[in-house]
Amino acid sequence: MIWLHPALLIGLALTAVPVLLHLLMRAKPKKLVFPALRLIQNRKRTNVRRLRLRHLSLLLLRMAVIALIVLAVARPSVPAADYSLRGGDWLRLLLIAGAAAGVYLGLVALWRRRQLPQHEMAYRRSYLRAGLAIAALLAVGLLVVWPYQRRISAAITQPTLAPNEFLPVAAVMLFDTSLSMQYRHESRTRLEVTQEIATRHLGSLPRSSRVAVSDTSGDAPIRFQGDLSAANKRVAALNVQPVSRPLEDRLLAAIEAQLDDLERTAGTVEARGTVDVLREIYVFTDLAASAWRKDDTPRLKEALTRAAAVSVYLIDVGVASPTNLALTGLTLAEESIPRGGEVLLRATLETTGLAAGERILELHVENETGTGQMVKRGSQPVKVDPSAAATAVFPVRGGNGAVLQGELRLLASDPLPFDDVRYFTLQLQPATDVLIVTDNPDNPDNDARFLNDALEILGKLRYRKQTLPSAQLGSTDLSKHEVVCLVNVADPKPAGWRTLADYVTGGGSALIVLGDRVNHDAYRAPAASDVLPGVLKGRIPFDPPEFLDFDLTHPMVRKLPDGAVALLTSDPIREHWFLDPAARDTAVIARYTHFLRRPALIEGAQGKGRVLALTTSLDRSWNDLPVNWSFLPFVDQMLRQLTRNPGDIFNYTIGETVAISLDPTLALSGYRLRKPGLQLLRNEVSPGISRLIVHDTDQIGNYRLTGVEPQAKFERGFSINPDPAESDLRRMTKDDLDSRLGLDRYTLARDIENLQRNVRAGRLGRDAFPLLALVLLAIFLGEHFVANRFYGTDVPKE
């Protein structure tokens, strides 16, 4: 405990004054002339005992009044902690008071029913009051004071500094610079409010203080500096950043910085024998839950326990009831489409604190010049409701270039602007060259007629197809085709298998469809094993028919349109080939519903290429798959699965690693990166790499890559969007903060005045004067009551 005026404690000697007064002014017995001397002597002994008890109580109360006056004037302070009584403490106090009152009233009522003499009644009441008071005090001490002191003992016994608010401070100012700090309220963003509070508080720091300014935008080391003007400039230069580290991580780094600085200065402290630096951490945040980790961090609590001398102050600049309308999601059915093709774009809108209504959503895409200038391509109204997310779907048609970029804009004015726009990129590909190999291509009713019809319907912009007799497979150069489809070929011959194996291992893709013409022995030949993703066991009919069962988690299945899977799985399969998947890299995309769960569609890797094997036909001889409309997207997705690069992702969330696939044969020595802010950067490309890792993606928007050499004809693009969690404005509660930081391990302020009061209490301790004044008032009232009883007389009732 710390005393602001310790010299005034000498006044405790004045507690001897009531003792002297009671000795000098002690009441003297009166002499009475009365014949019944024996009765008077008995009454005298009873009255003396009762007056002696009241005399002692009054003496103690008067001494306590003087002592509390002296203590209150000396202005004691205690370490900052939560000294309030809990609900259980108040309940126990009420129970003790109720029990004492019940016992007193019950015994008094009992004595009155017995009609005791007045002097005997007064005598018993005096001792009953004294006994109940002592019992109540003991009960309060045991049931209330003892648990209370155990709870606050850590705060009371922790080492404190001398009572001097002008000691220098080693302070870390940690700023939340996540996107939610853009929230504008009363014409100011949350970051601007924190900058104002921090600047004012920096001006009130004692001389020789050192300050470290840090934020959540990265993992930069935290270093102290003695120039407070430089710290002010650093605070003024802070900006909201798209990438943000969790506040727990940066707070942990701030604690470690304080402990490291304490260790470096330990020699000086030991030499002086005193601690002459206050250590404080200030966290400026809007308390948005998105800035914190979803789970507790035990390391943070452990660090706060080790750094008991470091005070933590949270400054809450958030809005109690925020409102926002946000574009939280943007999904493309495909990120790579043929030139001139079309894709559906789905947007998700969520509202916080707003009433249901209608908003306008606009689609903008860049013009054909490739300069990045946006042109409006459509708009539609969207009904938003706080109870559920709203969706909007736009068709997007590709142009003739290599990349198409655009953005969705929400025409609404709300306090948080960053989530009113979402960006997207589409990679535009030329038509895919597909070679269909069958035994009788000239026959209109050949085995591949339904596949040919599907490719015709899908359009020439998407696929360029050719047919080839299976007899010519061994002598044909397959390298100019992107996909080779082997449809119900009876016997490709060893030469054909070798040509197909060389093509696949070199990076090509093959679709093998098994049917009723397949020769079992030809597909079990050693040459066939270099192509097939398994071993062909035999031809097996289904009686009754079975159905397809797709792996709904596979990327190819997820890209099928709504309703297609339901139709595909409802078509009966009457016969199939049992292809046992190889032990090497294979994946089963679909199985049959038969209890043996044999594979229906298998994907396998062969060298640098891939193979898809369908173990039932595509010509209605074994099934009715070609009848329904779902056959078109099924064929389309099988071919796209074979030509799609798994690493081809062009739409990212901020903070994710951007990887662009490259053709190793492409002569590319470097590339230029155009950022959303129109900065142009040049980077080198290592020869022979197949994946390009792009750095410098610290902005939200559309990026464009072009080759340094014009002859390379290299052009790619990608988009960076903010994390949808940043639009979640749910605030941290006190229970959330207690679970992460620990109970009574921090203080919370909402403005500069509240912050400075908390800091003063943390440095000097909490002023105990109000509590002492309250206790003084209670004891003074008790003294007044006892004095009236002491100097009064007992008047018998009529």
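Start with Leu-673: its bridge partner in β30 is Leu-681. Leu-673 also has a bridge partner in β32, and that is Leu-705. A word on names: helices (H or I, at least four residues) and strands (E, at least two) are DSSP runs, numbered from the N terminus. Two strands pair if DSSP finds at least two bridges between them.

Before going on, the ground rules. This is a predicted model, where local features need pLDDT of at least 70 and side-chain atom pairs count only at pLDDT 80 or more, while totals for chains, interfaces and linings use all residues. Residues are numbered from 1 along each chain as its sequence is written, and side-chain values use heavy atoms, with hydrogens and water left out.

Back to the strands. β29 and β30 run antiparallel and are joined by 5 bridges. They form a hairpin with 5 residues between them, and Leu-678 in the turn has a positive phi of about 70°. On the β32 side, 4 bridges join β29 (residues 670-674) to β32 (residues 701-707), again antiparallel. Tyr-671 stands opposite Gly-707 in β32.

Now the whole sheet. It is open, it has 5 strands, and the order is β27-β33-β32-β29-β30 with mixed pairing. Its edge strands are β27 (651-653) and β30 (680-684), each pairing on one side only. Ignoring direction, neighbouring strands are turned by 25° against each other on average. Those angles come from axes, meaning lines fitted to C-alpha atoms, for helices over the stretch in contact; angles run from 0 to 180 degrees between N-to-C directions.

Next, another open sheet of 5 strands. Here the order is β10-β16-β15-β12-β13, and the pairing is mixed. β10 (336-338) and β13 (374-384) are at the edges with a single partner strand each, so one side of each has no neighbour in the sheet. The twist averages 30° from one strand to the next. Within this sheet, β12 (residues 357-366) and β13 pair in the antiparallel sense over 10 bridges. Ile-360 stands opposite Pro-381 in β13.

Now β24. Strand β22 (residues 548-550) and β24 (residues 586-592) pair in the antiparallel sense over 3 bridges. Then 5 bridges join β24 to β25 (residues 599-606), also antiparallel. Which residue of β24 is the bridge partner of Asp-549? Arg-591. In β25, the bridge partner of Arg-591 is Pro-599. The hairpin of β24 and β25 has 6 residues between the strands, and Arg-597 there takes a positive phi near 55°.

On to helix pairs. The axes of α5 (residues 190-203) and α16 (residues 752-764) come within 10 Å and cross at roughly 45°. That makes α5 oblique to α16. For the cut-offs, angles under 35 degrees count as roughly parallel, over 145 as roughly antiparallel, 65 to 115 as roughly perpendicular and the rest as oblique. From α5, Ile-197, Arg-200 and His-201 meet Ile-752, Glu-753, Leu-755, Gln-756, Val-759 and Arg-763 of α16. Contact means heavy atoms within 4.5 Å. The residues of this contact divide into 4 nonpolar, 2 polar and 3 charged. Ala, Val, Leu, Ile, Met, Phe, Trp, Tyr, Cys and Pro count as nonpolar, Asp, Glu, Lys and Arg as charged, and the others, Gly among them, as polar.

How do α9 and α15 cross? The axes of α9 (residues 298-306) and α15 (residues 734-741) come within 7 Å, at roughly 70°. These two are therefore roughly perpendicular to each other. Leu-300, Lys-301 and Leu-304 of α9 make the contact with Asp-738, Ser-739, Arg-740 and Leu-741 of α15. That contact divides into 3 nonpolar, 1 polar and 3 charged residues.

Most residues other than glycine have a negative phi, and most peptide bonds are trans. Asp-543 and Pro-544 are joined by a cis peptide bond, with omega about 5°. Pro-544 is in strand β21 (residues 534-546). Glu-186 is not a glycine, yet has a positive phi of about 55°. Glu-186 lies in the loop between β4 (184-185) and β5 (188-189).

Last, confidence. The chain averages a pLDDT (the predictor's confidence in each residue, from 0 to 100) of 83, and 82% of the residues score at least 70. Over residues 269-274 the pLDDT is below 50, and this stretch has 2 contacts in the model beyond near neighbours in sequence. Where pLDDT is low, the predicted coordinates should not be read in detail.
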